[in-house]
Amino acid sequence: MTLIDELQIIGKDSAPHSGKTIYLAAGWFNPIQEKLLKEAYAALLHNQTVAHVHVPLLHQYEGSNPIVNGEFNPDQEWATATFDDDVSAIDNADVVVALLDASDQDTGTIWEMGYAYASHKPVVVLAVGDTFQYPINLMPAQGAIHHLVNNNLETFDFYEINKRFYVGKTI
């Protein structure tokens with residue numbers, strides 16, 4: 001079963017309610033990132049302050065998968081369409097939730113955070129791993145309005161996002 005299949009199954013169990021629209025920025029290139037993405041998506045779907053969660057991986061261009069024989073190998077058409085769709089989804093979101101694997105930070109996620117910040121969208125970050133051993137660059141570390149100290153995405157109040165500073169080392 002692919003990660004996309006697993007995410008679609010998770011999404012089928014959610015009940016609609018009112019709230020904020022979330023763009024879920026996350027890598028999916030290693031087992032830690034995949035696990036974090038699945039857990040965060042499931043938690044956000046149960047959050048009573050969240051109406052919709054946009055997971056870019058579930059909105060691939062023409063339903064295609066850029067992974068061929070286990071290798072990530074997108075062509076230019078796929079890459080351009082995916083980029084445009086992701087930018088539109090960030091523009092339409094109320095909040096960006098970014099998931100960071102401290103030991104293997106996804107540059108696409110970092111870019112999405114920067115674009116959201118420049119677009120005046122609040123960015124909430126959940127970093128997993130040792131951020132002292134694996135520092136986060138000061139730009140994404142300071143660009144988020146709230147750094148979660150634990151994975152409380154199911155109960156986090158997206159209507160009342162208070163400043164919570166990054167805890168870890170920066171580079």
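A residue counts as partly exposed when its relative accessible area falls between the buried range, under 20%, and the exposed range, over 50%. Keep that scale in mind as we walk through this predicted model.

Together with Phe 29 and Ile 67, Phe 72 makes a nonpolar surface patch of about 260 Å².

Now turn to the sheet. Strands of a sheet pair through backbone hydrogen bonds, in either a parallel or an antiparallel way. Here you will find an open sheet of five strands, ordered E2-E1-E5-E6-E7, and the pairing is parallel. At its edges lie strand E2 (50–54) and strand E7 (146–147), each of which pairs on one side only. To see how E7 is held in the pairing, look at strand E6 (residues 123–128): two bridges join E6 to E7, and the two run parallel. Within these strands, Val 125 stands opposite His 147 of E7.

Next, find helix H3 (residues 76–92). Helix H3 lies across strand E1 (20–26), E2 and strand E5 (95–101), and runs at about 140° to E1.

Finally, follow the chain to the loop between helix H4 (107–118) and E6, where His 120 is found. Which backbone angle of His 120 is positive, although it is not a glycine? The answer is phi, at about 65°. And is His 120 buried or exposed? With a relative accessible area of 74%, His 120 is exposed, because the cut-off for that class is over 50%.

Conventions:
Residues are numbered from 1 along each chain as its sequence is written. This is a predicted model: local features need pLDDT of at least 70, side-chain atom pairs count only at pLDDT 80 or more; totals for chains, interfaces and linings use all residues. Side-chain values use heavy atoms; hydrogens and water are left out. Two strands pair if DSSP finds at least two bridges between them. Helices (H or I, at least four residues) and strands (E, at least two) are DSSP runs, numbered from the N terminus. Contact means heavy atoms within 4.5 Å. Axes are lines fitted to C-alpha atoms, for helices over the stretch in contact, and angles run from 0 to 180 degrees between N-to-C directions. Patches are made of residues with over 30% relative accessible area and no salt bridge: like charges are joined within 9 Å, nonpolar side chains (Val, Leu, Ile, Met, Phe, Trp, Tyr) within 5 Å. Accessible areas come from the Shrake-Rupley method with a 1.4 Å probe; for residues, only the protein chains shown count as cover. A salt bridge is a side-chain nitrogen of Lys or Arg within 4 Å of a carboxyl oxygen of Asp or Glu. Buried means under 20% relative accessible area, exposed over 50%, partly exposed in between (1.4 Å probe, protein chains only).
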